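Thanks for asking me to look this one over with you. Below are my notes, as numbered points to read with the structure open beside you.

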Amino acid sequence: MAIIGIDLGTTNSAIAYLKGEKPEIIPNIEGGRTTPSVFQMSPNNEMVIGQNAKSSMPGFPDRTITEVKRLMGSDETVMVAGQEYRPETVSAHILKYLKESAEEYLGEAITEAVITVPAYFSDSQRKATQKAGEIAGLKVERIINEPTAAAIAYGLENMDKNQHILVYDLGGGTFDVSVVEIFEGVVEVKASAGDNSLGGVDFDNTLADWIIQNFKQQEGIDLLDFGSAVEINQRRAKIKLEAENIKKNLSSQTNVNINIPFIAVYDNAPISVNLNITRDEFEDLIRKMAMKTLTEVDKALEDSNLNIDEINEVLLVGGSTRIPLIQKLVEEKFGKKAKKDINPDEAVALGAAVQAGIKSGQIDTTKGIMVIDVCPYTLGTEVVKNIGGQIVPGFFDPIIPRNSTIPVSEKKIYYTADDNQTSVDINVFQGDSQYADQNIFLSNVMLEGIPSAPMGQEPIEVKFSYDINGTLQVEATIVSTGKRASSVVKTKAGTMSEQEVKLAKSQVEKDYQQSELYKEVKSVITRGERMLKSAEGLEKEKLASLLQNIKFALEKNDRELVRKYEEELTDLLIELV
Ligand SMILES: Nc1ncnc2c1ncn2[C@@H]1O[C@H](COP(=O)(O)OP(=O)(O)OP(=O)(O)O)[C@@H](O)[C@H]1O
Ligand SMILES: [Mg+2]
């Protein structure tokens with residue numbers, strides 16, 4: 001059974017598998033090589049995922065979810081057609097669609113996957129991704145970093161060269177940069193840095209704001225300031241979708257017309273947007289964000305202890321690297337042309353498929369490729385410090401320094417801070433500030449039963465273990481007694497319990513069944529609705545009531561009832577023609 005590789009992107013996802021020795025993209029059910037990561041519940045409760053959901057988004061903004069990856073690892077939920085969803089559940093729907101696409105294409109059941117995440121994803125974001133896979137019915141064999149996956153795809157083609165490459169991955173929602181050494185078939189990440197909320201959608205939002213501002217200046221009308229809330233949402237969605245198109249066009253043209261016909265009715269007259277933007281103007285809008293990526297590049301370079309001229313190749317990954325300004329800034333920085341011969345939309349999924357092949361044994365690691373990755377952030381605990389005889393709390397003490405090769409396990413000994421202290425609460429943080437509260441709080445481990453002793457006498461050993469999937473386990477031991485407390489880091493937000501996963505699974509299953517049931521009777525309903533327009537009198541009444549009944553049965557997800565009304569509806573339609 002194949003293990004597939006999945007690139008679960010903020011804006012686009014892709015799937016791949018290993019065909020023989022080479023990874024290949026699996027097209028989705030509609031034939032697309034990538035799938036927009038968009039989830040929609042139509043007014044008939046039909047689930048729509050991918051391009052169709054994206055295109056019809058402006059019509060149903062309250063039924064469509066985009067960019068859910070940005071919420072992964074948080075407790076923020078989204079509403080779709082009055083139903084509440086956790087981000088993991090929405091992602092699960094997208095993963096389920098990808099899984100089915102793979103099953104259809106490969107003609108076999110798919111139950112295992114390697115899923116990629118941004119290198120800079122935190123512990124809770126990784127765990128949320130794993131849960132999403134589980135909810136979708138996939139055993140997540142490995143979580144791997146997106147730039148690492150891209151480096152693997154590149155490495156597979158360039159095994160004979162020993163070199164340092166820098167992967168610059170600017171996608172729809174995130175930016176990652178990794179410095180990677182490739183030698184003798186080993187792909188070794190030296191350092192990663194990045195920004196989890198910087199990507200193409202931020203350019204879209206900025207451009208959408210620009211359109212709204214400029215329209216206001218030109219026409220004196222604020223497009224977000226009249227009509228109902230639903231209308232405003234629809235308008236905003238339309239402008240954003242258009243902004244993305246304009247942005248893409250600006251990658252190949254230096255001047256683009258912005259035409260959005262009949263965007264609204266204002267003072268009883270239809271209004272349209274008619275503006276023009278130059279590439280220069282667009283570049284000014286995104287320059288600050290583009291420069292931010294270079295700061296991260298510097299950080300990764302510094303952590304890898306390599307100079308710019310020791311980087312042999314710069315690999316551009318992610319759709320946003322098609323932007324000329326991005327290419328220019330990167331190429332100027334490195335003083336050389338970037339490599340564009342790998343497909344920026346597909347490289348990550350291809351690399352994930354290779355990793356899946358390594359996992360399944362399809363790729364012989366003794367002869368072939370081996371992957372070594374790092375933990376991109378510093379992990380540590382909160383400690384008190386004795387400053388001039390005064391105990392000051394709130395300091396951060398690193399245990400695993402950022403860019404340590406993984407898996408990694410580090411221990412440190414701490415001492416009690418008070419006389420007769422019997423318990424210690426170990427707070428776990430991620431970040432690089434010397435102050436704990438300026439870093440990201442991950443979790444805490446409580447250790448009790450410390451023997452009474454003067455302060456500073458009882459040693460406590462704290463052990464951090466960070467595994468190859470990027471998840472952290474913390475263990476604390478009272479050295480004198482051997483008593484131990486441990487926990488797989490449960491982040492304050494975002495980690496679903498087994499019970500919640502089970503519930504989410506049934507929610508996904510219910511949505512799915514309901515949608516499938518609708519699809520079975522969709523053509524009859526469509527014909528019925530068409531017929532309704534021309535029918536008259538008693539027949540019209542009969543038809544309308546049957547349509548209402550079948551929709552009600554669909555709403556209740558009652559297959560038998562749906563089938564019954566479908567039959568009646570079919571009979572009536574035959575009578576009517
Ligand atoms: N020609 C182009 N010019 C500018 N931007 C483009 C172009 N083509 C695609 N993009 C942008 O690239 C982004 C999608 O890239 P990609 O599919 O690599 O991201 P993703 O995998 O969804 O996101 P992430 O990896 O950040 O989670 C979108 O924002 C899209 O608008
Ligand atoms: Mg991506």
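1. A definition to start with: a salt bridge here is a side-chain nitrogen of Lys or Arg within 4 Å of a carboxyl oxygen of Asp or Glu. Please also keep in mind that this is a predicted model. By the salt-bridge rule, the count comes to 38.

2. Let's begin with Lys247 and Asp204, whose side chains meet in a salt bridge at 2.8 Å, N to O. The two partners come from distant parts of the chain: Lys247 sits in helix H6 (residues 229-249) and Asp204 in helix H5 (residues 200-219), 43 residues apart. Are these two residues buried or exposed? Both Lys247 and Asp204 are buried.

3. Next, have a look at Glu498 and Lys131, a salt bridge in which the closest N and O atoms are 3.7 Å apart. This pair also links distant parts of the chain, with Glu498 in helix H10 (residues 498-534) and Lys131 in helix H3 (residues 123-135), 367 residues apart. Glu498 is exposed, at a relative accessible area of 53%. Lys131, in contrast, counts as buried because its relative accessibility is 14%, and the cut-off for buried is under 20%.

4. Lys412 belongs to strand S22 and Asp397 to strand S20 (residues 390-400), so the bridge ties together parts that are 15 residues apart in sequence. Lys412 is partly exposed at 30% relative accessibility, while Asp397 is buried at 19%. Elsewhere, salt bridges with shared partners join Glu520, Arg559, Arg563 and Glu566 into one network.

5. Now for the surface. Glu539, Glu567, Asp571 and Glu575 form a negative patch there. Which helix gives the most to this patch? That is helix H12 (residues 559-576), with three residues. Glu575 is located in helix H12, and this residue counts as exposed because its relative accessibility is 57%.

6. Some backbone details deserve a look as well. The peptide bond from Ile406 to Pro407 is cis, with omega near 0 degrees. You will find Pro407 in the loop between strand S21 (404-406) and strand S22 (408-415).

7. Two residues other than glycine have a positive phi. For Glu184 the value is near 45 degrees, and for Asn305 it is about 60 degrees. Glu184 lies in the loop between strand S13 (175-183) and strand S14 (186-195), and is exposed with a relative accessible area of 61%. Asn305 is in the loop between helix H7 (279-304) and strand S17 (313-317), and counts as exposed at 69% relative accessibility.

8. Finally, Lys483. Where is this residue placed? Lys483 is in the loop between strand S26 (472-478) and strand S27 (484-488), partly exposed with a relative accessible area of 39%. Apart from neighbours within four places in sequence, Lys483 is in contact with Leu447, Glu448, Gly449, Ala476, Thr477 and Ile478.

Methods: Residues are numbered from 1 along each chain as its sequence is written. Chains are lettered from A and ligands numbered from 1 in the order in which they are written. This is a predicted model: local features need pLDDT of at least 70, side-chain atom pairs count only at pLDDT 80 or more; totals for chains, interfaces and linings use all residues. Side-chain values use heavy atoms; hydrogens and water are left out. Patches are made of residues with over 30% relative accessible area and no salt bridge: like charges are joined within 9 Å, nonpolar side chains (Val, Leu, Ile, Met, Phe, Trp, Tyr) within 5 Å. Accessible areas come from the Shrake-Rupley method with a 1.4 Å probe; for residues, only the protein chains shown count as cover. Lys and Arg count as positive and Asp and Glu as negative; His and the chain ends are not counted. The place of a charge is taken as NZ of Lys, CZ of Arg, CG of Asp or CD of Glu. Helices (H or I, at least four residues) and strands (E, at least two) are DSSP runs, numbered from the N terminus. Buried means under 20% relative accessible area, exposed over 50%, partly exposed in between (1.4 Å probe, protein chains only). Contact means heavy atoms within 4.5 Å.
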